[in-house]
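Please read these points with the sequence and the model open beside you. They are meant to be taken in order.

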Amino acid sequence: MSDNCIFCKIVSGTVPSTKIYEDNDVIAFNDIRPSASVHFLIVPKLHIDSLASCENEHQALLGKMLLLAPKLAKQQGLAGFKTLINTGVEGGQEVFHIHVHVMGGGDKSRNN
Ligand code: AMP
Ligand code: ZN
């Protein structure tokens with residue numbers, strides 16, 4: 001748990017989210033500013049800043065997150081989807097708690 005991390009707060013329930021999946025290791029919830037008709041985030045409960053901060057010990061967790069993507073996408077009605085992991089400020093990362101974006105069902109332009 002990192003004190004000022006919005007995703008840690010979602011994991012702990014301090015900040016609400018539209019949760020679509022949860023187990024002991026990960027949580028998935030809808031992105032608050034979707035860029036597709038279906039846009040959710042797969043987030044580990046463990047706070048890790050970014051993909052660039054991952055170590056060998058996180059291999060199983062990373063694999064679990066990726067394997068969940070097609071399962072949850074199917075549950076959300078998607079036949080196909082895009083995945084995205086933004087890494088670092090220059091990689092477009094805004095929330096420094098690693099997460100996988102899963103998007104599908106048609107683009108939706110962001111207004112903000
Ligand atoms: P990234 O640029 O990869 O760090 O993406 C962070 C994503 O988190 C953005 O798509 C935001 O819309 C999303 N986001 C930020 N705060 C929340 C929140 N409270 N609930 C759901 N999604 C959020
Ligand atoms: Zn965090």
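**Notes on the model**

1. His58 touches Leu46, Ile48 and Ser53, where residues up to four places away in sequence are not counted and contact means heavy atoms within 4.5 Å. His58 sits in the loop between S3 and H2; helices (H or I, at least four residues) and strands (E, at least two) are DSSP runs, numbered from the N terminus. With a relative accessibility of 10%, His58 counts as buried. Buried means under 20% relative accessible area, exposed means over 50%, and partly exposed is in between, using a 1.4 Å probe and protein chains only.

2. A word on the basis of these values. This is a predicted model, in which local features need pLDDT of at least 70 and side-chain atom pairs count only at pLDDT 80 or more, while totals for chains, interfaces and linings use all residues. Residues are numbered from 1 along each chain as its sequence is written, chains are lettered from A and ligands numbered from 1 in the order in which they are written, and side-chain values use heavy atoms, with hydrogens and water left out.

3. Ile48 belongs to the loop between S3 and H2 and is buried, at 6% relative accessible area. Apart from neighbours within four places in sequence, Ile48 is in contact with Ser53, Cys54, His58, Leu61, Phe96, His97 and Ile98. Its C-alpha is 9.2 Å from that of Ser2, although Ile48 and Ser2 are 46 residues apart in sequence.

4. Ser50 is also found in the loop between S3 and H2. Is Ser50 buried or exposed? Its relative accessibility is 7%, so Ser50 counts as buried. Ser50 touches Thr87, Gln93 and Ile98, again not counting residues up to four places away in sequence.

5. Which residues coordinate the zinc ion (ligand 2)? They are Cys5 and Cys8, each through SG, and His47 and His97, each through ND1, at 2.0 to 2.3 Å. Donors are N, O and S atoms within 2.8 Å of the metal (3.2 Å for Na, K and Ca); water is not among the atoms, so sites may look incomplete. The angles among the four donor atoms are 104 to 117 degrees, and the site of the zinc ion (ligand 2) is tetrahedral. Four donors count as tetrahedral if all angles lie between 85 and 135 degrees.

6. Along the sequence, the donor residues of the zinc ion (ligand 2) follow the spacing C-x2-C-x38-H-x49-H. Cys5 lies in the segment before helix H1 (6–12) and His97 in the loop between strand S4 (82–84) and strand S5 (100–107), so this pair ties together parts that are 92 residues apart in sequence. Cys5 is buried at 7% relative accessibility, Cys8 is buried at 2%, and His97 is buried at 0% relative accessible area.

7. A disulfide is a covalent bond between the sulfur atoms of two cysteines. How many disulfides are counted here? The count comes to zero, where a disulfide is taken as a pair of cysteine sulfur atoms within 2.5 Å.

8. Helix H2 covers residues 59–75, which is 17 residues. From first C-alpha to last it reaches 25 Å, close to the 24 Å expected at 1.5 Å a residue; the expected span is 1.5 Å times one less than the number of residues. Gln59, in helix H2, is exposed, with a relative accessible area of 59%.

9. Where does H2 kink? A kink of about 30 degrees lies at Ala69, shortly before the proline Pro70. The bend at a residue is the angle between axes fitted to the seven residues ending there and the seven starting there. Just after H2, Gly77 has a positive phi of about 90 degrees.

10. The buried residues in H2 are Leu61, Met65, Leu68, Ala69, Leu72 and Ala73. They pack against strand S1 (19–22), strand S2 (26–30), strand S3 (36–44), S4 and S5. Take Leu72, which is buried at 1% relative accessibility. Leaving aside neighbours within four places in sequence, Leu72 is in contact with Ile20, Tyr21, Ala28, Phe40 and Ile42. The C-alpha atoms of Leu72 and Lys19 are separated by 11 Å, and the two residues are 53 residues apart along the chain.

How values were computed
Tetrahedral: all angles 85-135°; square planar, octahedral: opposite > 155°, others 65-115°.
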